[in-house]
Amino acid sequence: MSLVYFIAIPILASFLTPFYKNYLRFVSVLVNILLAGFAAFFYSRLPLNEFISLDSPLSIIFILDYVSFFFVSLFIGVMLFFSLYSIKEKNNTAVFVVTNIFTSGALGLILSADIFNIYIFFEIASISAYILTGLNRDKVAYSGAIKYMIVGAVASIFLLLGIMLMYLNLGYLTLSSIGAGFHTMDKGIQYLVLLSLFIGFGIKTEILPLNFWVADIYQATPTKIAALFSAVLSKAYLFVFFHILYTLKVDAPALLFLTAIGLLSFAVAELSALRSKDVKRIFAYSTLGQLGVLFLALSSANVVVVSGALFLILVHSISKLMLFFSLDLVEKKMHSTRVEAFAGFRSAFLFTIFAIGFLSLLGIPPFAGFIAKLTILKGFASMGAYGIVGAILAISLVEATYFFRLLSANQRSKKTAEIKVPLLQKIMLSLLALAILYLGLFPQGLLDFCTDAAQTLIQGVIHV
Amino acid sequence: MLETLNQTTFLHTVVAIGSFTIFTIGLVGVLSKKNLFKIFLSLSIVESSLFLFFIGSHFEVGKAAPIVADGIKLFDGHMVDPVPQAMILTTIVIGVAVLALSLTFVVNYYRLSGNIDIDKMDELGEVQ
């Protein structure tokens, strides 16, 4: 058994599409089930290093430790859910071709432990994201894809610059060797490398001031795909960024800078959501806000806060899947994602799903978001950072304002269209809602795992 | 005179200054041009400057290209570091793929909208 299968199988499934063109949707489900099986197989063997070719400083290394296992299983879960949810879409082969490559890119990003492979998977995931953005093949989609490609190209140029500077000064590509030698580099070069990495990953993790493009891209992307961007893509880049940072053991001022950026990003995103009149853009801004919180929490270097952040990553992925998939059903009926269209639909089921998603994102008990935010706040309080606790709570009020405004708009306005949710979709969405409720009531098992994962993340990739 | 020009440090300086100049040319292109084609070409120029910089700064006077052929059996001290070259080859391939994809989007967008000016792309944004 090899970790390469995580990357090879989905990409092969895409390349062999001509052999089973009409059945690709079933193949995708099978592929994801297979990957889930692999993940279960590797669970008892954690942590795991795998070397491919050559000797230590130049080899290709894949690492599956507690934290990468967390992300691998999260992504496989999301992709399995996505392929099951869309299993009835017969004419949508293109989506599955690209989402399989997308899976392999995201998993590769998580597993790679050498910086050049990270760059390659960074590009694979980005390219599939560009194609997914342009999938609707109309003016809006192409315009979004072009914008995405311009900012994406800038991101990859800066990431490449950072990688080159590290190799020029150290002569290594593996994360562990770079981590060991990073502080022998000149101080100026260190900050140049960190700045390049921040610009490269900052654009992709959708953090202020590099997130000006995000709402436009989410608006151009098909709604269900936007859920994948929110639940998988941004999380993959976020993880890799902090994995690298903790491995490089950057000094406290740099981490403090990231904390400040995260807080600012949270505030600005939630305020932008207030004035938005398009529900899809509101969800995009809400994603930006949550990513700000995650940035803030992950840069704290405190085990409790980081474990809360990992829990929040899971909860946020589930909530955003629910919200975007339900919005997709609304959009199909109302042909628009504007707030007026959102106010006009009638469906008790969808309304409940939206309400659960909102409440969980806000962090209201008994939903899982409450546990995540509580852990983060507890951790910050134990560090004595009461200012951050206050700021997070205050900004959450803004978040509450627009979520409740959306719900009350739907409650009060005259309903024009009744939405009948198909059975499959009903079951899948209910499963997500139940998962949120379950994690909110019995979070202990997952929290323990998140604590282990947080310790691994903060420790960084150690020398093997 | 010619001896001084053939020094590794001197050549590295030339490469650094040259690639920085190309980087700036590309950057100015990205920021000042309105035509989508020109923007993507400028991005590609910026990328090329990085390739030149990286390959150039691993060049050392008196060392051969890292190719195992004709009697040379293994990588050793007579060759420059092979890793940057392998990396850049991979990166060039990725760059070509991304450029091709972006130009496809631009062509398709132009067919549908008749517009190639980035300032006139107003399909996306806040609804009023």
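Two residues are in contact if their C-beta atoms, placed from the backbone, lie within 7 Å. Helices (H or I, at least four residues) and strands (E, at least two) are DSSP runs numbered from the N terminus.

This is a predicted model, in which local features need pLDDT of at least 70 and side-chain atom pairs count only at pLDDT 80 or more, while totals for chains, interfaces and linings use all residues. Residues are numbered from 1 along each chain as its sequence is written, and chains are lettered from A and ligands numbered from 1 in the order in which they are written. The model scores ipTM 0.92 and pTM 0.93.

**Chain A**

Chain A contains 19 helices and 4 strands. Its radius of gyration (taken over C-alpha atoms) is 21 Å, close to the 23 Å that the globule rule (2.2 Å times the number of residues to the power 0.38) gives for 464 residues, so chain A is as compact as a globular protein of that length. The C-alpha trace of chain A spans about 65 × 60 × 45 Å along its principal axes. Among contacts in chain A between residues at least 6 apart in sequence, 79% join residues at least 24 apart.

**A helix pair in chain A**

Helices α3(A) and α4(A) pack with their axes 9 Å apart, at an angle of about 170 degrees. That angle makes α3(A) roughly antiparallel (over 145 degrees) to α4(A). The table gives the residues that meet.

| Helix | Range | Residues in the contact |
|---|---|---|
| α3(A) | residues 66-85 | S68(A), F71(A), V72(A), F75(A), M79(A), F82(A) |
| α4(A) | residues 93-111 | T99(A), T103(A), A106(A), L107(A), I110(A), L111(A) |

The residues of this contact divide into 9 nonpolar, 3 polar and no charged. Here Ala, Val, Leu, Ile, Met, Phe, Trp, Tyr, Cys and Pro count as nonpolar, Asp, Glu, Lys and Arg as charged, and the others, Gly among them, as polar.

**The contact between the chains**

The contact between the chains takes 31 residues from chain A and 30 residues from chain B. On the side of chain B, the elements that give two or more residues are α3 (36-56) and α4 (82-113) of chain B. The largest share, 16 residues, comes from α4(B). This side of chain B divides into 20 nonpolar, 7 polar and 3 charged residues.

Helix α4 of chain B also holds L89(B). With 11 C-beta neighbours inside 10 Å, L89(B) counts as exposed (12 or fewer).

Notes: Axes fitted to C-alpha atoms, helices over the stretch in contact; angles between N-to-C directions. Parallel < 35°, antiparallel > 145°, perpendicular 65-115°, else oblique. Buried ≥ 20, exposed ≤ 12 C-beta atoms within 10 Å, placed from the backbone.
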